[in-house]
Amino acid sequence: MAFSLDTNCGLLNHNIIGPIYCTSTIFPPDILITQFWFNYRHVANTLSVYRSVKRLGIPDSHIVLMLADDMACNYRNPKPATVFSHKNMEFNVYGDDVEVDYRGYEVTVENFLTPRSKRLLSDDRSNILIYLTGQTGNSHGGNGFLKFQDSEEISNMELADAFEQMWQKRRYNELLFIIDTCQGASMYERFYSPNLMALASSQVGEDSLSHQPDLAIGVHLMDKYTFYLLEFLEEVHPASQANMNDLVSVCAHRVSVSPGHHTDLFQRNPGSVLITDFFGSVRKVEITKDTINLTSSVKSGSGDMQIESLTYVDQLPVAEIIHQKPKQKDWHPPDGFILGLWTLILLVFFQTYGIKHLKHIF
Amino acid sequence: MAAHRCGLSLVFILILSSLACPSSCDALEKANENTGEKQSVSDTPREVNTDGSIAAEDLNERQWQSTDVEADRSDGTKDSESFTAAARDQFQEELVIRPLHSGDIYASFQFRTLWDTDFLQERQKVSHYRLFPKSLGQVLSKFSVRELHISFTQGFWRTMQWGQPFIPSPPGAELWVWFHDTVSDVDGNWKELTNVLSGIFCASLNFIDLTNTVQPSASFKPLGLGNATDHRFLRYATLPREIVCTENLTPWKKLLPCGSKAGLSVLLKSEKLFHSSFHSQAVHIRPVCQDEQCTSKAWELRQTLNVVFDLYTSGQGKKEWSLFKMFSRTLTEACPLATSSKVYVDITDNPEGELFELSPATPLLSQAVVLGDRRTYSVFDLTRAEMFGQLRSLNLLLRWKGDSGDMLRPLLHAERYVAGFGLQTGEIHTVIYNNHPYRAFPVLLMDSVPWYLQLYIHTLTVTSKSRDNKPSYIHYQPAKDRHRPHLLEMLIQLPPHSMTEVTVQFERALLKWTEYTPDPNHGFYVGSSVVSALVPSMVAMNTNFTQDQPLFSSFVPVKEESSYFVRVYTEPLLVNLPTPDFSMPYNVICLTCTVVAVGYGSFYNLLTRTFQVDEPSLPLAKRLANLIRRIRGVPLLA
């Protein structure tokens, strides 16, 4: 997730050397929340959006990728280190330079809403894209929540509150929320912060369908909505003028269920919002011909170098180990149990013998 | 982002080298000449060069000269001095290919960066990084780390079929760190260090906390320089469940000076590397001697990658291996930043060429004593241009002609398994084999068991040849629930040609329901045991430290000639804990609510419900008529 609810600095730092400026910083977290091998298609969904976003110019330092299960190096994968999105293994979306920030058990609601490490430093000029895929309540239960790892869930109210907190702390300029699950529209019903646009793959009461199975791998490879989304994004290049209305309409008529969108909270007209505002990033490079003064490094001061005898340590010093003295354990004050026991003994003693006998003892 | 950083660093380097004086370039050349001289005088390893005259050093120097940037003499000498004092680092890379008796092939990459500087000196703030990666350098200085060893492994090393690896590693992730003795809060530094490393390597190392960290008292002595070894500054943790995949390989490759663009690292393609029986990548950082006199320290960063390709899955059943078959790439050039770039092929079992045929043939041979044995290697020096032939690519080919005999059994070998039945108790058995025919030697066994397997140490038995074998040193630290795991270290003398069995009984704990992982029926992992030993060697080991020893034989420092140090990891265990049925709360709530609603509800209704006759409601016309009648004061209709 692209924000944190406290204001400590994250781990990422930007090494900027020279006169290079970043404009319209974009931070897209991609999140995949389900486990098990038969949810291969969720991983393929997330990775294809990740790939498109990287191709359109967003660096890894601005992306948070959360994958709840490992499909690429899973022992059931007949081709390790690959995740395919098209059947007949045409298109490996895993690639060679993927960087997963949260994986396996780290994908929890807590890390999604308040990450303690590996977080992005977004500000009020950042556009954020959030892509979620997984399983929501459908025939398994109610709607309005999203399952995490089959053991936790996040409700649409929590999401809406989280976005409101982000807005209050000025952590985003505009936010695009895409969700590809069954009954996806239920997740954005409760949003109330400004400058939010949401897209979902299906309405409330509808199921989101998967696209194509592959017989060699044995599972479905992609979901229909993300498949058409990926097809659309493949034609977008960093200087493209395609806008949000194109994005919303391309997925509408080709799938059998009707995707939903929620643009009421968005202040600009969706027709004037470029796709590359959220999916891509253009960096302005300004070249300068001025001289830059580099500070000289501190003198090494190697005058007083100690000529101590430097030797390697014996790896298994048998004699030394056998004669190792037992370590002096630090003294700890007596435990609660011991104190309670002694108190009981003293109490019984004084009860039996009475206080007036104390002078005979002490 | 990688392209950006690459471009930026190139710009940076160009700016700095144009500001520096030519004396800095001379200093680099002088360092090269020194190593060149040492190569000619030393006699171990012997370089049997049948060609005779061509010296690799000249080509090295020529290589360096061709890549030097034009020196600009405009700036003063002050900048140049600080530049020469700042960075003196060199990079070497090597690949060792060892065909195994089972038909598989073992490839071991080692990339070493040696840097003459001191991170831990107070006055000197290191800010100029050249070949040494900046992310690791900053980590070392911030957390006052003396030594750092981290490895990520997928698969288990089968010692009985494959022999001993050059650098052993347990399945999953393993991290052990020696801190400097100026650190006051070792646990705090350890916690922050694991978080930072998990970000650098894209791994879940942040799951390392006090419940799986131990402080061994005799194992894991530092592999680098040092005097005092107070084990208060050592921390060891292992995550047996950690998966290794492309996202761990990518940042590992980014630490290399040439990245994955040139040299041996072009072979590191994840689709082939992860389709193997064993894959292990590691980073080892330690202080070493700068030269033979050992008067000053240098920092050594070794990145190692060991991979074993299976005959049937990668080799398609044919006993014929080539670089292209293993890595789907061939070598095109050496890394321009490397002082030496070599490929070694182990041909000890093939003296006359009757077992397999190696092409292209090379006259360069080298002998090295490694793992207690004298092995012969064919050397391919990639810094020589004629290695690559007309097509500018080198593809080594090994074609088998005959069948290899049985492998010599490894001298030290260990296994571990869980015995018992049911979900309450069990027994851990660790079996250590000493296959030496007449020599006995001591081994140090270290076991770190999580707190939820409650060990009964009074049932600990060590038997060799069906007789009791009392260990000469036992260190046991009991676990504290949810705070600390068990740590058991024992120094056991293994009789010659024997099997030693260590058994201990345990009881499984019932965890709190929030402590179960989302998939508790998979089981819980127990990390590998570590067996460290000084095994008697068949040939005299080399105790002198020389700069030009091949990297694979100079990893562990050798103190005496008659034995070599080896570390063997056992299998990790997968143990089922008593798991509650997590669907039960939902079922209980449904059942209880149904019973209450149906049973109590109907009973309550029976007791308290009364029946009343209800007047039927009048139709609209009659209601209106009644209204008019009420106004008129006339009696109403029925």
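**Walking through a two-chain model**

Let's start with a charged pair: B:E320 and B:R399 form a salt bridge, with the closest N and O atoms 3.7 Å apart (a salt bridge being a side-chain nitrogen of Lys or Arg within 4 Å of a carboxyl oxygen of Asp or Glu). B:E320 lies in strand β10 (residues 320-322) of chain B and B:R399 in strand β15 (residues 397-400) of chain B, so the pair ties together parts that are 79 residues apart in sequence. Strands here are DSSP runs of E with at least two residues, helices are runs of H or I with at least four, and both are numbered from the N terminus.

A word on the ground rules: this is a predicted model, where local features need pLDDT of at least 70 and side-chain atom pairs count only at pLDDT 80 or more, while totals for chains, interfaces and linings use all residues. Residues are numbered from 1 along each chain as its sequence is written, chains are lettered from A and ligands numbered from 1 in the order in which they are written, and side-chain values use heavy atoms, with hydrogens and water left out.

Another pair, B:R375 and B:D346, has its closest N and O atoms 3.1 Å apart. B:R375 sits in strand β14 (residues 373-381) of chain B and B:D346 in strand β11 (residues 340-346) of chain B, so this bridge ties together parts 29 residues apart in sequence. B:R375 counts as buried at 17%, and B:D346 is buried at 4%. B:R384 and B:E386 also meet in a salt bridge, 3.7 Å from N to O, and B:R384 is buried at 8%. Elsewhere in chain B, a network of salt bridges links B:R112, B:R286, B:E300 and B:R302. Over all chains, the search turns up 22 salt bridges.

For a spot involving both chains, look at B:L491 in strand β22 (residues 486-494) of chain B. B:L491 is buried, with a relative accessible area of 1%. Leaving aside residues up to four places away in sequence, B:L491 touches A:V318, A:I321 and A:I322, as well as chain B residues including B:P442 and B:Y473 (contact means heavy atoms within 4.5 Å).

Over in chain A, there are nine helices and twelve strands, and 49% of the 362 residues count as buried. Helix α3 (residues 156-168) has 13 residues and reaches 18 Å from its first C-alpha to its last, close to the expected 18 Å, which is 1.5 Å times one less than the number of residues. Its buried residues include A:L159, A:F163 and A:M166, and among the elements covering the buried residues of α3(A) are β6 (127-133) and β9 (174-180) of chain A. Just after α3(A), A:R170 takes a positive phi of about 60°.

UniProt, in an unreviewed entry, annotates A:H140 and A:C182 as "active site"; such annotations may be inferred rather than shown by experiment. A:C182 is in the loop between β9 and β10 of chain A and is buried at 15%. A:F337, found in helix α8 (residues 336-353) of chain A, is exposed at 62%.

Terms used
Buried means under 20% relative accessible area, exposed over 50%, partly exposed in between (1.4 Å probe, protein chains only).
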